[in-house]
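Please read them with the structure open.

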Amino acid sequence: MAQKKEEKLNLDTILFKCRDILRQARNSGSFFEKRDMMLTLVFLRFIGEKFEDGVENLRKTLIEKGLNPDDEEIRAAFFDDATFTDGTYNLPVEARWSTIINTPAPNLNVALDAALHGIAASSKQLKGCFIEGTFTTRNLAPNDIKKIVDEVNKITHKAFGEEKDLIGRVYEYFLKEFAVNATKEEGEYYTPHDVVQLIAAMIEPFDGTLYDPCCGSGGMFIQSAELVKAKQGDISRINIYGQEKEPATYRLAKMNLALRGISHNLGEMSDSSFTHDLHRGLYFNYIMANPPFNLKGWYDENLKNDARWSDYATPPESNANSAWILHILSHMKPLDGVAGFLLANGALGDSDTVEIRKKLIQNDKIEAIIILPRELFITTDISVTLWILNQNKKGGSYHGRNLRNREHEILFIDLRTWTENPVKGENKKKVRLITEQIQKVADIYHTWQSQGTDGTKYEVSELYRSVSMGEIEKQGWSLIPSKYIEFIDHDLDIDFHAEMSRIQMEMRDVLAQEKQAQRLLEYAFRGIGYEL
């Protein structure tokens, strides 16, 4: 008898099963409660997996040193209160995944909350990552909670890769599948890995301080840390600061960073970067952000004369796009701060923010504008632009490169036609930027910055162009790339007479074939006694 082929693990399939169980389960709660329950389970799974790996590595180290890890005295000295050097947390027995997965179904809700309490009591940094009592409050039926725990047990870094931001992917999945407002402009968005790669490849946040004023699930930090390790090998050279308004997402970010052993300061609570800036007065080397697009309801009367826009103009209450720009600018180190962030395309030419744009351009804060392919995001169809701000466009040394003076110049790049790499298996059309494309954009930008480049002649039709401030002024201070990058009308290259002759020939061939088919049909029907 043929052996049954082993089913390949697929993260979306596992999460779909969990979602289905939660939808049918009694007391599973709202979308946010379902999402938080799943994320907390995944957190327990991952932190448990990391602990198990830490113990296994410790055993190997002891054996290499000629010690027996099963000896009682050795166990007491090294394992009872284990210290790990890679950011792994020493979990109490009740919080270990091996304890949870072996707990009988009727006791699982209580066991899971005992695990959360044990973690919060034993680690100051992990306290606040989750809501204690999550599982006993919901009190899912034993069969339901057991099925979900068994599915989550399949989600491991061993199966899906250590480098992946799996908690971020779980977060993205539940945004996509559950959120009512997931396609609206004000919804929450998980920044795709390739977009983070693009921002990081351009501004190179490899040392110093990194800040995200709307850090969401912490995905920017996680993916940036992986890129830092790939380039420099030491994430301890980066100090991470962030802020997040939504309490559940704030807890998720703390979970995500704690799991990776990444030192961070997200403030003591969740709160709005506009009305309660938790890092006021601090300036950062790098800023990376994906603010909520076209955010409404951000404004407060106390912000009318806020110092962040005192040198510009008060951003319109109807939309926070320009408020994000000025907030980010206020936290950039005055001499050499660099920022890369995403905004909806409306910020490029809105009539009610023209004075803010004008001053940003005149003050030489904007370095590059990169319009992205429309289908990069799963949870929104909105068109998006990557902005690069730079406090130093005068030139000098930067990450081993000699930069020229780029004052009164802005580089425009248009990637809207880069849609040749579709992502398979999604419910809607989605594309991605591959590594070679990301490197190409970074090279265009870095070459433009570098000594020896003539900004007045730096352009490729339909892709990029360096533009002077004088030309931008003539366009009414618009930052819409299509106003500056030449697009060729390829229809002008067509020989219409030849093309029409070709079409007419094809039409005659089609008609001839149709007549031939009609004649054959007539003969066939006559052969069996029918007249047409």
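1. In which loop is His 399 found? The answer is the loop between β8 (396–398) and β9 (401–403). Keep in mind that this is a predicted model. Phi of His 399 is near 50 degrees, a positive value in a residue other than glycine. Most residues other than glycine have a negative phi. The relative accessible area of His 399 is 33%, so the residue is partly exposed.

2. Now the overall picture. The protein chain has 17 helices and 12 strands. Of its 532 residues, 51% count as buried. Take the contacts in the chain with a separation of 6 or more: residues 24 or more positions apart account for 73% of them.

3. Next, the aromatic rings. The count comes to 12 aromatic pairs. One of them joins Phe 293 and Phe 377, edge-to-face, at 6.0 Å centre to centre and with 80 degrees between the planes. This pair links distant parts of the chain, 84 residues apart. Phe 293 sits in the loop between β4 (286–289) and α13 (321–330), and Phe 377 in the loop between β6 (366–371) and β7 (384–390). Phe 293 and Phe 377 are buried.

4. How are the rings of Trp 298 and Tyr 299 arranged? Their centres are 5.3 Å apart and their planes stand at 80 degrees, so the pair is edge-to-face; the cut-off for that class is over 60 degrees. Trp 298 and Tyr 299 are both buried. They also belong to a cluster linked by ring pairs, with Phe 274, Trp 309 and Trp 324.

5. The charged end of Arg 404 sits over the ring of Trp 448, 5.4 Å from the ring centre.

6. Last, a helix pair. The axes of α5 (residues 108–122) and α7 (residues 142–152) come within 9 Å and cross at roughly 50 degrees. The two helices are therefore oblique to each other. On the α5 side, Leu 108, Asn 109 and Leu 112 make the contact; on the α7 side, Ile 145, Lys 146 and Val 149 do. These contact residues divide into 4 nonpolar, 1 polar and 1 charged.

Methods. Residues are numbered from 1 along each chain as its sequence is written. This is a predicted model: local features need pLDDT of at least 70, side-chain atom pairs count only at pLDDT 80 or more; totals for chains, interfaces and linings use all residues. Side-chain values use heavy atoms; hydrogens and water are left out. Rings of Phe, Tyr and Trp (its six-membered ring) pair if their centres lie within 6.5 Å; planes under 30 degrees apart count as stacked, over 60 as edge-to-face and the rest as tilted. Helices (H or I, at least four residues) and strands (E, at least two) are DSSP runs, numbered from the N terminus. Buried means under 20% relative accessible area, exposed over 50%, partly exposed in between (1.4 Å probe, protein chains only). A charge sits over a ring if NZ of Lys or CZ of Arg is within 6 Å of the ring centre and within 35 degrees of the ring normal. Axes are lines fitted to C-alpha atoms, for helices over the stretch in contact, and angles run from 0 to 180 degrees between N-to-C directions. Angles under 35 degrees count as roughly parallel, over 145 as roughly antiparallel, 65 to 115 as roughly perpendicular and the rest as oblique. Contact means heavy atoms within 4.5 Å. Ala, Val, Leu, Ile, Met, Phe, Trp, Tyr, Cys and Pro count as nonpolar, Asp, Glu, Lys and Arg as charged, and the others, Gly among them, as polar.
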